Amino acid sequence: MGALDHIRVCDFGGQLAGAGATKLLAMFGAEVIRVEDPTNEGRWDTMRVVGPFVDERRGVDLNGGFNNHNIHKLGVTLNLRTAEGRELLERLISVSDVVTENFAAGVLERLGFGYESLKRIRPDIIYVSNCGYGHTGPYRSFKTWGPIVQAVSGLTFTSGLPDSEPAGWGFSYMDHGAAAFMAIAVLAALHHREVTGEGQWVDLASTTAGLTLQRTAVLDWTVNGRRSRRPGAPNGNRADFAEMAPHGIYPAAGDDRWVAVACRDDDDWVALRELMNDPALDDRFATLADRLEHQDALDETIGRWMSTREPHEAAHDLVTAGVPASVVKSPPERIDNDPDLDAWGLFPTVEHPLMGKVRVEGVPIHFSETDWTADKPGPLLGEHNERIFVDLLGVEPAELDRQHKDGVI
Amino acid sequence: MTALSGLRVVQLVDERTIDAGRLLVELGADVIVVEPPGGSSLRDQPPFLDDDPGRERSLRWWAGAVGTRSITVDLETPQGQATFAELLDTTDVLLEGQGHALDPAGLGWDTLGRARPALIWVSITPFGRDSRRAGDPATDLTLLSGGGPVWNCGYSDHSLPPIRGKGNQAFNVGALYGIIGALTALAHRDHTGRGQLVDVNINAACNVTGDHTTYYWLISQIIMKRQTGRHAGMTPTAPVQVLCADGRYATTGVLPHKPADFGRLHAWLEELGFLDRLPDAVFLQIGAARTTPVDTADIGKDPETAAILAAARDAMFLIASELPAYDYYLSSQEHGFPAGAVVSPDEAFQDPQFLARGFAVEVEHPDLARTYRYPGAPYIFHASPCTTPTRAPHIGEHREEVLADLNHRKATNNA
């Protein structure tokens, strides 16, 4: 059984920032019903139309990313511009525990389903909205994508070399972050409802979520008055606050191969020095303070040694010696060649009716009693209209046919 | 009343659990950190108050342990082990970062967890409890490097190393999944009365925090490669990060594609008096006259489409390069084009939007006769507001009250 078998979610969450949250809830057993717009074939979620695709076929039901983010969900279509579509949505909300969405602020309200309306339909409803700036504040009408969230929350800034252009994150890190906080918001609100019987609206702003991931840097400013923007900073690969040295990513033998090494303390340092066996690593580097003072020379020496080493062998030797190290792993190295992750079952395969067998991302949590499942693909557009509208809500099949013809669903 | 009022959490505090505890504190849980007699080694982490090291002065500790209570327990002695076991009798959720390393002393899940059927035991470890690598050394840097995020980040010049973003993000990702696991188990317990073991694997968590770079490999066996200031790509893509007039950077986000967007962009150029500087602005008018959105997939097939999108990018870059980064950000958003200024964490913290959301919370430090501003919660719970926490505890500060409470509960239960 799933931990959330008793929960039903009416879900407008798209992209990764929204869909990623409800994917977890679905894999934990909740009945998550994604509501999409039939008039644009669900295209408000761009994941339905961009790649990757398994072959040359294209279409809203053929996207591998959409499937990845939506496994185990049910899918219905509703045209909320029609009175009948809105009435069906009201009926769906009335039997749901949670409504989730990550539209721009105010969109759901303009569709007629803001929190006050939701509460009228179901007084103890839990409504979790998730957008870049939240529903309050001077920038609430601004719109974001993951990289924008990362830029305005300080995350992009801290990923770079000193006095250089920011390197940034290379992917929508904060789509994952927003999805995680959204899932936490739903679960915390469910507990509150369980204890008090009370529903509520939780208004999540992903830009602030991004800044919660840099709490110590903020305190260094509010307490010590030290700005992150200063000469020589940031240096992403060095320790955040000079607590370790060496602490870097070094070039290994081969084309664009790199190995990360971090010495947590003097024991790690001694182990590294013995492994490298380089007379240049003399007493100049004995203590952390010494190593910090001569960090450029230290990095150069380690880099020279590493550049002659096969990366996996070097990382293995370092770890065996007790020194934290890792190859900067490529997607195939980490996804297909990690026996640990195989044993974990992190990348399960689902059978999709049109795409066939496709791999998806699983969950980095295992539960001893209520573990997750990943055996159902993401929904085709409107795939579960009959199941939800007829079987759950009691619409007559003939009536549903008419509604389909009339463009209601 | 907060969302997790009355929820008792015990945390064997270390770098793997501290951020998870923080997430529960702001939702209102009573989080008790268990430290060794001399205090947690996290207290030795810089930066320090006034850069003056001290075990009550670590800002890493302050940031993570704010709002918790501290009890010192020597888990290497039978007495300490008994205290820990008794503490678990009154605990709803245990957060620990050691996995099977707790077993030899009889402090692991098999001994203490299974015997308490309602306990939610959350184990957050670098490679998962049963990994063959469970004993391997790991840090934030090595976990992010082995788990995928670092592969994607850096510069288009690949003679420069891939870059790690700061802030202990591997441990943050582990903490987020730890709390998702804890609260999912809590939902199950609320429904059935039963607790369970929740095994969180930080390496696995990093591996499913790679966005498109993971599913492009899963679906199409395509490897994305790092590029300066934008998404890693299968082939080089056009820059989106711009050097602005004040020497700071901004990101322009996704290029516009709707006819109305091109019209607005043209008008914005005109408003700024920049039309003369962008002869290709005429293509924005052509884009505006189209009846359907421009499809980026047509760039290679249709020269006009390519010219429209190139003009849009050039227009964005021209405007951004002529304005200070923050002004460009606001002006771009106000004109309907999502964009952002690249700001530092402290600059973000002072941003009018963040302040208006009440993100900065005042935490009193009576012992220092000071009040400092801390980052608050990212969400507004309308019925169960997040708490404003008390300062991080001193070493063992709450030992007496926690033990007295424990004895009181025992006495009540025995009666």
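This is a predicted model: local features need pLDDT of at least 70, side-chain atom pairs count only at pLDDT 80 or more; totals for chains, interfaces and linings use all residues.
Local features need pLDDT of at least 70 and side-chain atom pairs count only at pLDDT 80 or more, whereas totals for chains, interfaces and linings use all residues. Residues are numbered from 1 along each chain as its sequence is written, chains are lettered from A in the order in which they are written, and side-chain values use heavy atoms, with hydrogens and water left out.

Over all chains, the structure holds 67 salt bridges, a salt bridge being a side-chain nitrogen of Lys or Arg within 4 Å of a carboxyl oxygen of Asp or Glu. One of them joins A:Arg122 to A:Asp97, with 3.7 Å between the closest N and O atoms. A:Arg122 lies in the loop between helix H5 (115-121) and strand S5 (126-131) of chain A, and A:Asp97 in the loop between helix H3 (83-94) and strand S4 (98-101), so the pair ties together parts 25 residues apart in sequence. Here helices (H or I, at least four residues) and strands (E, at least two) are DSSP runs, numbered from the N terminus. Both A:Arg122 and A:Asp97 are buried; buried means under 20% relative accessible area, exposed over 50%, and partly exposed in between (1.4 Å probe, protein chains only).

In chain B, a salt bridge of 3.5 Å, N to O, connects B:Arg22 and B:Glu26. Both residues belong to helix H1 (residues 18-26) of chain B, 4 residues apart, about one turn of the helix. B:Arg22 is buried at 3% relative accessible area, and B:Glu26 is buried at 1%. Elsewhere, salt bridges that share partners join B:Arg8, B:Asp30, B:Arg69, B:Glu401, B:Asp405 and B:Arg409 into one network.
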